[in-house]
Amino acid sequence: MLSLKGFLYAIVTSSTFGLIPLFTVPLLHGGMNTPSILFYRFLIASVIMWLYSCFKRKSLKVDKKEFFTLAWLSLLYIGSAVFLFSSYLYLASGIATTIMFLYPVFVALIMVYAFKEKKSLWTMLAIALAVAGVAMLSWNGREGGVSFAGILFAVLSGLSYGIYIIAVNKSSIKNMTSEKLTFYVFSFTAAFLLIGACASNSFQFVESWGGVFNLTLLALVPTIISNLTLVLAIKAIGSTFTSVLGAMEPLTAMAVGVFVFSEPFTLSTALGVCLIIAAVTIVVLAPALQKGYRTGKFLYITKIKRIHPHIIPHH
């Protein structure tokens with residue numbers, strides 16, 4: 001039975017994910033580079049996850065094969081995060097986050113063309129809507145201009161995350177607990193970012209209390225809280241409903257951009273956001289739409305977990 005608490009968890013999950021620009025954009029504008037921001041974000045988040053796992057008495061033990069699998073999967077996760085933050089330098093944060101939200105569509109495309117899943121009319125419709133949505137958003141770019149670099153970074157962010165989702169579910173750690181997977185992905189991500197920043201001589205220390213405040217909230221709100229409530233939501237109402245309510249993520253990011261950072265919001269922006277949300281919703285519901293209705297409700301299709309599985313930490 002679906003619970004009100006589950007829907008609230010899902011709304012909290014997607015809304016907090018959408019707050020990434022709120023804490024990131026001030027850091028970028030303050031002169032901190034992307035690798036340093038992400039390093040602090042995931043270092044703090046991994047420490048919190050370790051403390052949480054100790055409190056809940058969850059084992060974090062992995063074998064050698066799992067250790068190296070988690071290490072290379074983290075590189076895909078890094079790519080998604082780095083591309084998303086880089087897109088904020090060229091695009092309005094709300095637009096960039098909305099384009100990144102296309103990752104379920106990329107998952108569907110990859111599953112069809114790389115893993116030979118059967119095409120469906122619903123998937124093709126979703127792809128058409130997604131392309132139209134990106135086109136509408138592209139008319140705006142940053143403050144009315146088209147930024148192809150920003151659009152490319154946002155698309156690559158969604159594509160990287162889509163590949164990451166598929167890689168996790170095709171790997172040997174697909175049944176690993178969410179706490180363990182999240183802890184190691186965050187830890188490896190922080191370690192690789194630190195190595196990369198030091199190797200390129202671009203590592204930056206936090207120089208203000210405002211920076212510490214934003215980094216701490218970035219690690220806590222759209223990283224830890226969102227991932228923990230994601231697990232609770234899927235346990236309560238299932239992957240399908242949780243994924244559909246994920247539409248709150250781009251809406252929240254767009255609201256932050258407009259009301260906090262005074263980013264432009266035009267008719268084409270609104271249409272683009274609506275088209276992308278519609279595309280993602282169709283992809284998420286496609287298995288149920290293909291099967292039709294049973295006793296007045298959508299069938300619960302476990303296959304949908306490949307789109308937004310509960311074990312996978314979000315960007």
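# A guided tour of a predicted helical model

Begin by selecting helix α6, where Y103, P104, V105, F106, V107, A108, I110, M111 and V112 are buried; buried means under 20% relative accessible area, exposed over 50%, and partly exposed in between, with a 1.4 Å probe and protein chains only. Helix α6 covers residues 103–113, and nine of its eleven residues are buried, which leaves the helix mostly covered.

Before continuing, note that this is a predicted model, in which local features need pLDDT of at least 70 and side-chain atom pairs count only at pLDDT 80 or more, while totals for chains, interfaces and linings use all residues. Residues are numbered from 1 along each chain as its sequence is written, and side-chain values use heavy atoms, with hydrogens and water left out.

**The whole chain**

Now display the entire protein. The protein has twelve helices and two strands; helices (H or I, at least four residues) and strands (E, at least two) are DSSP runs, numbered from the N terminus. From the N terminus on, the order of elements is α-α-α-α-α-α-α-α-α-α-α-α-β-β. Of the 315 residues, 54% count as buried.

Select R41 next, in helix α3 (residues 34–55). Is R41 buried or exposed? R41 counts as buried, because its relative accessibility is 0%.

Show α10 beside α3. The axes of these two helices come within 8 Å and cross at roughly 50°; axes are lines fitted to C-alpha atoms, for helices over the stretch in contact, and angles run from 0 to 180 degrees between N-to-C directions. The pair α3 and α10 is therefore oblique, given that angles under 35 degrees count as roughly parallel, over 145 as roughly antiparallel, 65 to 115 as roughly perpendicular and the rest as oblique. Helix α3 passes α10 in a right-handed crossing; a crossing is left-handed if the near helix is turned anticlockwise from the far one by less than a right angle, and right-handed if clockwise.

**Helix α2 against helix α10**

Select helix α2 (residues 20–29) together with helix α10 (residues 209–244). These helices pack at an angle of about 155°, with their axes 9 Å apart. Helices α2 and α10 are therefore roughly antiparallel to each other. The crossing of α2 and α10 is left-handed.

**The surface**

Move to F148, in helix α8 (residues 148–170). F148 is exposed, with a relative accessible area of 66%. Between F148 and S138, ten residues apart in sequence, the C-alpha to C-alpha separation is 8.0 Å.

Finally, select L4, L8, I11, M248 and L251, which form a nonpolar patch on the surface with about 440 Å² of accessible area together. Patches are made of residues with over 30% relative accessible area and no salt bridge, with nonpolar side chains (Val, Leu, Ile, Met, Phe, Trp, Tyr) joined within 5 Å and like charges within 9 Å. Which helix gives the most to the nonpolar patch? Helix α1 does, with three residues. L251 lies in helix α11 and is partly exposed, with a relative accessible area of 42%.

Notes. Areas by Shrake-Rupley, 256 points an atom, 1.4 Å probe, with all protein chains shown as cover. Salt bridge = Lys/Arg side-chain N within 4 Å of Asp/Glu carboxyl O.
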